[in-house]
Amino acid sequence: MAVRRCKKEDVKRIARATGAAFVASLSNLEGEESFDAAFLGSAEEISQTRICDDELIIIKGTKAKPAASIILRGANDIYVDEMDRSVHDSLCAVKRVIESKSVVPGGGCVEAALSIYLENFATSLGSREQLAIAEFAQAMLVIPKTLVVNAAKDSTELVAKLRAFHNASQTIEAKKGFKWIGLDLENGKCRDNKEAGVLEPAMSKVKSLKFATEAAITILRIDDMIKIYQPSKEDPNSYANAVREGRL
C-alpha cells in the first residue's frame, strides 16, 4: 500500500511509532538512488477504513512505541469542535501533571488555604506591608468566589465555610485533615477534594499565581499617565470663535 500527499508531521509520527526512519530522499552520496531495509518500520496491521466522509489509514500494533488516535464523532461540526477543545484541554492537563510530577487539590482549596495563611502572617507584621499582604490574601478568594458564582450557588456562604475549614486545619492540630477541603459545586457544599479526585497540576497553579502577581505589580508601578488629545477641528472663522476673540 502506498500513500501520497501525506503531511510531514503525520509521517514523522508514524515513523516514531513503527520504528522507521524518516527518509527525505532516496539519493545517496554518489548521486544514485538506493534504500536500506533498516529504514523500514513494522506494524501488525495496516488498513484503509471509511469513517463518515473520509478515508483513513489505520495502523494497528506498532512495534516500536505504543501510539493511539482519538476519533471524535458528533452531530455537526460545532459539537466536534467543542469535543476537540475538551479533549485538548484534558491532554494538556495530563501533560502538565507528568511534567510537574505533583498535583494539588482543586475546587478553590489552594486559594482558600493561602488566603488564611497570608492573613495570619499579615497580623504578625507591624509595618505597612501588613496592608499589602492582607489585600493579597483577600484577592486569593476571587477564584473560589468565581467558581461558586458560575455554578449559581451562594458564594458568601460557601466561601465562608471553606475559609472556616482551612482556618481550623492551620490552627488546630487535630483537624489538619481539613487542608484537603475544597468546593463541591454539584451539591453546593464543601468536601475532601483529594479523596474525590478533584486535582490540578501544581505547575499550572504556581504559574497562574506568579503571572497574576507580576501583572498586578506591573500595573501598580505605573505612577503617571500621559494623554494625547486629538487636535481641535473647529473652524477658526466660525461665529463662536469670532465672538470669543472679540472680532465681533
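Buried here means under 20% relative accessible area, exposed means over 50%, and partly exposed is anything in between, using a 1.4 Å probe on protein chains only. By that rule Ser100 counts as buried, at 19% relative accessibility. This is a predicted model, so local features need pLDDT of at least 70 and side-chain atom pairs count only at pLDDT 80 or more, while totals for chains, interfaces and linings use all residues. Residues are numbered from 1 along each chain as its sequence is written, and side-chain values use heavy atoms, with hydrogens and water left out.

A few more terms before the tour. Helices (H or I, at least four residues) and strands (E, at least two) are DSSP runs, numbered from the N terminus. Contact means heavy atoms within 4.5 Å.

**Helix 2 and its ends**

- Helix 2 covers residues 77–100, with Ser100 inside that range.
- Setting aside neighbours within four places in sequence, Ser100 is in contact with Pro201, Ala202 and Met203.

- Leu72 sits in the loop between strand 2 (54–62) and helix 2, and counts as partly exposed at 26% relative accessibility.
- Not counting residues up to four places away in sequence, Leu72 touches Val80, Met83, Asp84 and Val87.
- One of those pairs, Leu72 and Asp84, is 12 residues apart in sequence and 7.4 Å apart in space, C-alpha to C-alpha.
- Asp81 is in helix 2 and is partly exposed, with a relative accessible area of 41%.
- Asp81 and Leu158 are 77 residues apart along the chain, and their C-alpha atoms are separated by 34 Å.

- Helix 6 (residues 155–171) has 17 residues and runs 24 Å from first C-alpha to last, close to the 24 Å expected at 1.5 Å a residue.
- At its start, a side-chain oxygen of Asp154 reaches to within 3.3 Å of the backbone nitrogen of Thr156.
- Which residues of helix 6 are buried? They are Ser155, Leu158, Val159, Leu162, His166, Ala168 and Ser169.
- The cover over those buried residues includes helix 3 (109–122), helix 5 (142–150), strand 4 (181–184) and strand 5 (189–192).
- Helix 5 and helix 6 pack at an angle of about 135°, with their axes 9 Å apart. That makes helix 5 oblique to helix 6.
- On the bookkeeping side, axes are lines fitted to C-alpha atoms, for helices over the stretch in contact, and angles run from 0 to 180 degrees between N-to-C directions. Angles under 35 degrees count as roughly parallel, over 145 as roughly antiparallel, 65 to 115 as roughly perpendicular and the rest as oblique.
- The crossing of helix 5 with helix 6 is right-handed; a crossing is left-handed if the near helix is turned anticlockwise from the far one by less than a right angle, and right-handed if clockwise.
- Pro144, Lys145, Val148 and Val149 in helix 5 meet Ser155, Leu158, Val159 and Leu162 in helix 6.

**Helix 3 against helix 4**

- Helix 3 and helix 4 (residues 129–139) pack at about 165°, with their axes 8 Å apart, and are therefore roughly antiparallel to each other.
- Their crossing is left-handed.
- The helix 3 side of the contact is Ser115, Leu118, Glu119, Phe121 and Ala122, and helix 4 brings Gln130, Ile133, Ala134, Phe136, Ala137 and Gln138.

**Helix 8**

- Ser208 belongs to helix 8 (residues 202–220) and is partly exposed, with a relative accessible area of 40%.
- The side chain of Ser208 reaches the backbone oxygen of Lys205 at 2.8 Å.
- Lys205, also found in helix 8, counts as buried at 9% relative accessibility.
- Leaving aside neighbours within four places in sequence, Lys205 is in contact with Val104, Val110, Glu111 and Glu200.

Terms used:
The expected span of a helix is 1.5 Å times one less than its number of residues. A polar contact is a pair of N or O atoms within 3.5 Å; within protein, one must be able to donate a hydrogen and the other to accept it, and residues adjacent in sequence count only if both atoms are side-chain atoms.
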